[in-house]
Amino acid sequence: MIWLVMIASGLANFVFRYSMFSSLKFLRIPPWLEEYVKFAPTAALSAIIAASLFVNESGVPFTGSASKIYAAVIASFIALLSQSILFTITAGLSVLWLLG
């Protein structure tokens with residue numbers, strides 16, 4: 001089942017990217033699909049961050065270090081307050097370095 005999802009996701013990604021650079025610019029995706037597709041980058045990044053926080057390198061779940069979780073919480077608050085990606089990354093990494 002996972003292979004089917006991976007292949008379908010890859011094909012959908014290829015079609016969207018190919019359509020931007022090909023002569024298929026006259027084709028538009030429906031507004032309802034566009035509404036869902038705009039959340040894909042946020043969902044993918046959230047999954048990567050959550051996996052790095054709560055799973056260790058060997059794949060054991062819920063063994064993340066406390067310093068990573070504290071740095072992520074502080075970086076989340078800074079992101080909400082500052083709305084600056086650069087400041088959020090800098091502050092989050094600084095807190096992680098100080099706690100580590």
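Student: At what angle do α4 and α5 pack?

Tutor: Keep in mind that this is a predicted model. The axes of α4 and α5 lie 8 Å apart, and α4 passes α5 in a right-handed crossing. The packing angle of the pair is about 155°.

Student: Is α4 roughly parallel or roughly antiparallel to α5?

Tutor: Start from the angle of about 155° between α4 and α5. Angles over 145 degrees count as roughly antiparallel. So α4 is, relative to α5, roughly antiparallel.

Student: How many nonpolar residues does the contact of α4 with α5 have?

Tutor: On the α4 side, the contact includes Tyr 70, Ala 71, Ile 74 and Ile 78, and on the α5 side it includes Phe 87, Ala 91, Val 95 and Leu 99. By class, the contact of α4 with α5 has four polar residues and one charged, and its nonpolar residues number 11.

Student: Which residues does Ile 78 touch, not counting residues up to four places away in sequence?

Tutor: Ile 78 sits in helix α4 and is one of the residues making the contact with α5. Ser 46 is 32 residues away along the chain, and its C-alpha atom is 17 Å from that of Ile 78. Leaving out residues up to four places away in sequence, the ones Ile 78 touches are Gln 83, Phe 87, Thr 88 and Ala 91.

Student: Which helix gives the largest share of the lining of the largest pocket?

Tutor: The largest pocket has a volume of about 510 Å³ and is lined by 16 residues, with Ile 49, Ala 72, Ala 75, Thr 88 and Ile 89 nearest its centre. At least two lining residues come from each of α3, α4 and α5. The largest share, six residues, is supplied by α3.

Student: How many charged residues are in that pocket's lining?

Tutor: Sort the lining of the largest pocket by class and you get nine nonpolar and six polar residues. The charged count is one.

Terms used: Residues numbered from 1 in each chain as written. Predicted model: local features only at pLDDT ≥ 70, side-chain atom pairs only at ≥ 80, totals over all residues. Heavy atoms only, no water. 1 Å grid on protein atoms, 1.4 Å probe; cavity = no way out; pocket = protein on both sides within 12 Å on 5 of 7 lines; lining within 4 Å. Points joined across faces, edges and corners; volume = space filled by probe spheres on them. Helix = DSSP H or I, 4+ residues; strand = E, 2+ residues; numbered from the N terminus. Nonpolar A, V, L, I, M, F, W, Y, C, P; charged D, E, K, R; others polar. Axes fitted to C-alpha atoms, helices over the stretch in contact; angles between N-to-C directions. Parallel < 35°, antiparallel > 145°, perpendicular 65-115°, else oblique. Left-handed = near helix turned anticlockwise from the far one by under 90°. Contact = heavy atoms within 4.5 Å.
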